Amino acid sequence: MELRQLGTRGPWVSPIGLGSTKFGRLEGVKYPQAFTLPSDGQLTDLLALAKEWGINLVDTAPAYGNSEARIGALIGRDDHWRMATKVGETFVDGRSHFDFSPAAIRASVEHSRRLLRRDVLDIVLLHMPDDDVAIMQDGAAITMLLELREQGLITAVGASTKNLAAGLMAVEHCDLVMITLNPSDQSQRPVLAAARNAGKGILIKKPLDSGYHSDVDVALASLVREPGVGSVVVGTIDPVHLAGNCAAVQRALADG
Ligand SMILES: NC(=O)c1ccc[n+]([C@@H]2O[C@H](COP(=O)([O-])OP(=O)(O)OC[C@H]3O[C@@H](n4cnc5c(N)ncnc54)[C@H](OP(=O)(O)O)[C@@H]3O)[C@@H](O)[C@H]2O)c1
């Protein structure tokens, strides 16, 4: 798969990325089907299959249970992989906790560097709660991320946003933005347009509406062809789904 640069500062990534929520977290997720966490062997095979298909981006977060630790142990030292992780949210004792203070952000980045076994993190995003506009308006969190980028600890910074106003502020101040876009939720299109016009990187989360959208091929085909989209991050722990998703993306891109 031909790689695309995320904006002007971000890494070059595959048009389909691998979402890793289900690598490490069972509680407090809203997927349609119950699941069990993959074993190390299953995860090793899944990541090898993704690499074979040309996927080079995995998206993770401290809030995804032990997803970061598992990814770091299995592929942290493999230069093929680009990694997106997040700051601001942790998930402990069945609950999300949010802390966007500069000290918490610095500590989270240090922790992710250790777990992911990377000196420089490719992408770090603010992992936004519902009141993301207030966090962007406050500015301290993004200022801290930009400082860590200037210190050489992160290549590109951004925010995984919920509300339009926060997404638009992220476009203005960051290198990239992660937004929800799928056939049932088109509400973030103004952020997509703003990011595209500003030459900022765009990552798509929940492209299959977290598993509630069934016309997978059509959804992925339209998203990877959407101008400006860098990578469509699909969550899966099923190798058959992974291969099918990659094949659908390849067909869509070959058709132009
Ligand atoms: N706030 C944030 O920053 C945020 C929020 C949500 C998501 N994300 C990121 O975005 C990623 C993707 O979002 P998501 O996982 O919520 O939703 P998604 O990618 O829209 O959907 C994932 C669900 O679809 C299923 N699926 C995948 N391929 C399939 C196929 N070919 N046929 C049928 N079902 C299929 C998966 O089940 P199987 O495992 O059985 O394939 C999984 O249950 C996450 O993993 C995470 O990395 C970030």
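I looked up Pro 129 and found it in the loop between β8 (121-127) and α5 (132-138). Helices (H or I, at least four residues) and strands (E, at least two) are DSSP runs, numbered from the N terminus. The model is predicted: local features need pLDDT of at least 70, side-chain atom pairs count only at pLDDT 80 or more, and totals for chains, interfaces and linings use all residues. Residues are numbered from 1 along each chain as its sequence is written.

Leaving aside neighbours within four places in sequence, Pro 129 is in contact with Glu 89 and Phe 98 (contact: C-beta atoms, placed from the backbone, within 7 Å).

Next I checked two helices. The axes of α7 (residues 164-173) and α8 (residues 189-198) come within 9 Å and cross at roughly 10°. So α7 is roughly parallel to α8 (angles under 35 degrees count as such). Axes are lines fitted to C-alpha atoms over the stretch in contact, and angles run from 0 to 180 degrees between N-to-C directions. On the α7 side, the contact is made by Leu 164, Gly 167, Leu 168 and Val 171.

Last, the ligand. I found 26 residues around it, the closest being Gly 19, Ser 160, Leu 208, Gly 211 and Gly 235 (near: C-beta atom, placed from the backbone, within 6 Å). α1 (21-24), β12 (231-235) and α10 (239-255) each supply at least two residues of this shell.

Notes:
Parallel < 35°, antiparallel > 145°, perpendicular 65-115°, else oblique. Contact = placed C-beta atoms within 7 Å.
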